[in-house]
Amino acid sequence: MIIDAHAHLWKKQAGFVNGKPVIPLSGGRADFGGEIRQMLPPYLADGDNPAEILLSNMDFAGVNAAVITQEQIDGSQNEYLRGMGSRFGGRLKVSSLYEEGTLPETDGFDGIKICAGRLRDGDLLHHEPVFRLAAEKDRFLLIDLAEGDAQTEALGILADRYPDLRIAVGHFGMAGRGDWLSQIRLAERKNVRIESGGITWLYNSEFWPFPSAVEAFRTAVSLVGAVKLMWGSDYPRTMTAVTYRMSLDFLADAASLTGREKALILGENAKEFYGFPDMPPIPRIRHMAED
């Protein structure tokens with residue numbers, strides 16, 4: 001099994017960045033807080049980012065399942081995602097978005113997402129009720145931290161207070177930025193994992209096959225072991241630079257990782273952590289550029 005531990009879906013973007021709105025435009029572009037950016041690959045021309053297109057990309061790349069996270073820059077997609085985990089043959093696990101000032105939804109969701117780096121006060125300890133709720137409802141918690149070690153101590157405290165709460169730290173600890181290894185070391189705790197959604201964004205200047213991203217994986221393996229790491233694509237934003245399949249192949253083809261390490265990182269860890277059912281491999285279909 002291959003599982004994508006960090007992908008996004010939305011019906012329509014309605015979020016904010018630095019207090020300014022994110023407004024979808026045509027051709028996959030968006031007004032990103034006053035700057036026109038290519039938010040989506042151009043084939044998502046109307047600004048929608050539906051599950052069916054992600055699943056088509058997954059089928060082509062041989063990916064069995066995915067975890068759907070959320071981001072404040074997209075706005076809450078709770079209405080669109082609620083109950084989606086029971087559709088599509090159990091291939092998707094979905095999270096609700098935590099918005100400050102109210103407890104997040106749990107009914108119809110498999111997990112909760114906290115955009116910790118975008119919290120107004122930045123102090124995770126002030127948001128402990130979210131951790132308590134996730135633990136009580138047996139929902140996993142997805143969290144993207146601010147760069148470096150600004151929030152690692154607080155997350156460590158909360159992870160220890162709720163030792164049965166499954167916590168996945170996103171963006172591979174913001175690899176290469178600040179003291180990112182302090183985020184990786186959070187996975188020394190039994191209930192914390194690290195997922196790599198966005199790592200091709202962090203090393204975009206290097207481009208495929210992202211040797212420094214592979215080296216970041218090797219470093220993390222040496223610190224916490226391959227059993228604590230999970231691959232994620234950060235679909236669809238990273239698909240403005242690489243294809244979905246390329247976001248997987250740079251790791252699957254890495255010579256510096258063993259076959260066992262790849263099997264753990266690319267699927268086995270996420271299957272156990274998120275509770276996906278057994279799924280058969282997806283048959284590889286030759287594409288039109290192949291002989």
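Modeller: We start with a definition: helices (H or I, at least four residues) and strands (E, at least two) are DSSP runs, numbered from the N terminus. This is a predicted model, where local features need pLDDT of at least 70, side-chain atom pairs count only at pLDDT 80 or more, and totals for chains, interfaces and linings use all residues.

Colleague: Which residue follows α1?

Modeller: Helix α1 covers residues 51-61. After α1 comes a residue with a positive phi, near 80°. That residue is Gly62.

Colleague: Where in the protein chain is confidence highest?

Modeller: Confidence here is pLDDT, the predictor's value for each residue, from 0 to 100. The protein chain has a mean of 97, and 100% of its residues reach 70 or more. Confidence is lowest in strand β2 (residues 16-17), at a mean of 94. The highest, at 99, belongs to β10.

Colleague: Within what arc do the buried residues of α1 fall?

Modeller: Buried is under 20% relative accessible area, exposed is over 50%, and partly exposed is in between (1.4 Å probe, protein chains only). In α1, the buried residues are Ala51, Leu54, Leu55, Asn57, Met58 and Ala61. They line one face of the helix, because seen down the axis of α1 they fall within an arc (taken from the directions from the helix axis to the C-beta atoms) of 160°.

Colleague: Which elements do the buried residues of α1 pack against?

Modeller: Packing rests on contact, that is, heavy atoms within 4.5 Å. The list holds strands and helices. It reads β1 (3-8), β6 (65-69), α2 (78-81), β7 (92-97) and α8.

Colleague: Is Arg245 buried or exposed?

Modeller: Arg245 sits in helix α8 (residues 244-252). Beyond its neighbours within four places in sequence, it touches Phe60, Ala61, Arg284 and His287. Its relative accessibility is 15%, so Arg245 counts as buried.

Colleague: How many salt bridges are found in the whole structure?

Modeller: Side chains of opposite charge can pair when their charged atoms come close. A salt bridge needs a side-chain nitrogen of Lys or Arg within 4 Å of a carboxyl oxygen of Asp or Glu. Across the whole structure, the search gives 18.

Colleague: How far apart in sequence are the parts that Lys190 and Asp164 tie together?

Modeller: Lys190 and Asp164 form a salt bridge at 3.7 Å, N to O. Lys190 is in the loop between α5 (181-184) and β11 (192-195), and Asp164 is in the loop between α4 (152-161) and β10 (167-169), so the pair links parts separated by 26 residues.

Colleague: What is the N to O distance between Arg284 and Glu290?

Modeller: Arg284 is exposed, because its relative accessible area is 53%. Glu290 is partly exposed, because its relative accessibility is 27%. Their side chains form a salt bridge with an N to O distance of 3.0 Å.

Colleague: What is the relative accessibility of Gln183?

Modeller: Gln183 lies in helix α5. Beyond its neighbours within four places in sequence, its contacts include Leu145, Thr152, Val169 and Ile194. Gln183 counts as buried, because its relative accessibility is 0%.

Colleague: Which residues are closest to the centre of the largest pocket?

Modeller: On a 1 Å grid over the protein atoms alone, a pocket is an open set of points with protein on both sides within 12 Å along at least five of seven lines; a cavity is a set where a 1.4 Å probe fits but cannot get out, and lining residues have an atom within 4 Å of a point. Points are joined across faces, edges and corners, and a volume is the space filled by probe spheres set on them. The largest pocket holds about 840 Å³. It is lined by 31 residues, and the closest to its centre are Phe32, Ile73, Arg118, Trp201 and Arg237.

Colleague: Which residues line the largest cavity?

Modeller: The count is one cavity of 30 Å³ or more. The largest cavity holds about 30 Å³ of space. Its lining is His8, Leu9, Thr69, Gln70, Glu71, Asp74, Gly75 and Gln77.

Terms used: Residues are numbered from 1 along each chain as its sequence is written. Side-chain values use heavy atoms; hydrogens and water are left out.
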